[in-house]
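Trainee: I'm new to this one and don't want the whole tour at once. Could you pick one loop, take a close look at it with me, and then show me what surrounds it in the rest of the chain?

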Amino acid sequence: MVAISHEAVVTYEKNRYEKVTHKLQRHHPIAFARTADEMLSDKKNLTFSEWFSLIKETEEVHLITKEEHKSLNYTQYPIPSHLKLFKNQYIGWKYGEKKNF
């Protein structure tokens with residue numbers, strides 16, 4: 001996770017910063033299908049370094065509310081990775097270290 005929406009923060013606040021279920025979703029601003037098309041294009045023979053760089057540049061995930069996901073209209077705040085608040089998984093995410101906000 002690289003960003004969290006304002007409404008997701010409000011949702012956490014209302015839940016006393018405890019785990020929130022069924023209200024938040026992951027959002028990929030750049031669809032992975034686009035990244036995959038570029039990675040697997042017959043016109044390119046990417047080196048491992050180029051392959052990894054492309055993923056790093058395009059695979060951002062934002063944590064937003066279900067309502068925001070429908071409209072894709074939201075204000076985002078960066079999530080410092082060193083805080084380890086959310087950890088990506090293949091589907092969804094898991095909560096990282098508990099922090100006081």
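Mentor: Let's start at arginine 16, which is found in the loop between H1 and strand E2 (24-27). Keep in mind as we go that this is a predicted model. Arginine 16 comes after H1, and its phi is positive, about 55 degrees, although arginine 16 is not a glycine. Why stop at that? Most residues other than glycine have a negative phi. Tyrosine 17 lies in the loop between H1 and E2 too, and here again phi is positive in a residue other than glycine, this time near 60 degrees.

Arginine 16 has a relative accessible area of 73%, and the cut-off for exposed is over 50%, so arginine 16 is exposed. Tyrosine 17 comes in at 34% relative accessibility, so it counts as partly exposed. Step back into helix H1, which covers residues 6-14, and you'll find buried residues: Ala8, Val10, Thr11 and Tyr12.

The protein chain has four helices and six strands. Follow the sequence and the pattern goes β-α-β-α-α-β-α-β-β-β. Of the chain's 101 residues, 28% count as buried.

Helix H2 (residues 32-40) packs with H3 at an angle of about 165 degrees, and their axes are 11 Å apart. Angles over 145 degrees count as roughly antiparallel, so that is how H2 runs relative to H3. The crossing of H2 past H3 is right-handed. Which residues in H2 and H3 meet? On the H2 side they are Thr35, Glu38, Met39 and Leu40, and on the H3 side Trp51, Leu54, Ile55 and Thr58. Sorted by class, this contact has five nonpolar residues, two polar and one charged.

Leaving out residues up to four places away in sequence, methionine 39 touches Leu46, Trp51, Leu54 and Ile55. Phenylalanine 52 is 13 residues from methionine 39 along the chain, and their C-alpha atoms are separated by 9.8 Å.

That phenylalanine takes us to the last stop. How many aromatic pairs does a search of the whole structure find? It finds one. In that pair, the ring centres of phenylalanine 48 and phenylalanine 52 are 6.4 Å apart and the ring planes sit at 20 degrees, so the pair is stacked. Both residues lie in helix H3 (residues 48-58), four residues apart, which is about one turn of the helix. As for the surface, phenylalanine 48 has 67% relative accessibility, so it counts as exposed, while phenylalanine 52, at 48%, counts as partly exposed.

Definitions and conventions. Residues are numbered from 1 along each chain as its sequence is written. This is a predicted model: local features need pLDDT of at least 70, side-chain atom pairs count only at pLDDT 80 or more; totals for chains, interfaces and linings use all residues. Side-chain values use heavy atoms; hydrogens and water are left out. Buried means under 20% relative accessible area, exposed over 50%, partly exposed in between (1.4 Å probe, protein chains only). Helices (H or I, at least four residues) and strands (E, at least two) are DSSP runs, numbered from the N terminus. Rings of Phe, Tyr and Trp (its six-membered ring) pair if their centres lie within 6.5 Å; planes under 30 degrees apart count as stacked, over 60 as edge-to-face and the rest as tilted. Axes are lines fitted to C-alpha atoms, for helices over the stretch in contact, and angles run from 0 to 180 degrees between N-to-C directions. Angles under 35 degrees count as roughly parallel, over 145 as roughly antiparallel, 65 to 115 as roughly perpendicular and the rest as oblique. A crossing is left-handed if the near helix is turned anticlockwise from the far one by less than a right angle, and right-handed if clockwise. Contact means heavy atoms within 4.5 Å. Ala, Val, Leu, Ile, Met, Phe, Trp, Tyr, Cys and Pro count as nonpolar, Asp, Glu, Lys and Arg as charged, and the others, Gly among them, as polar.
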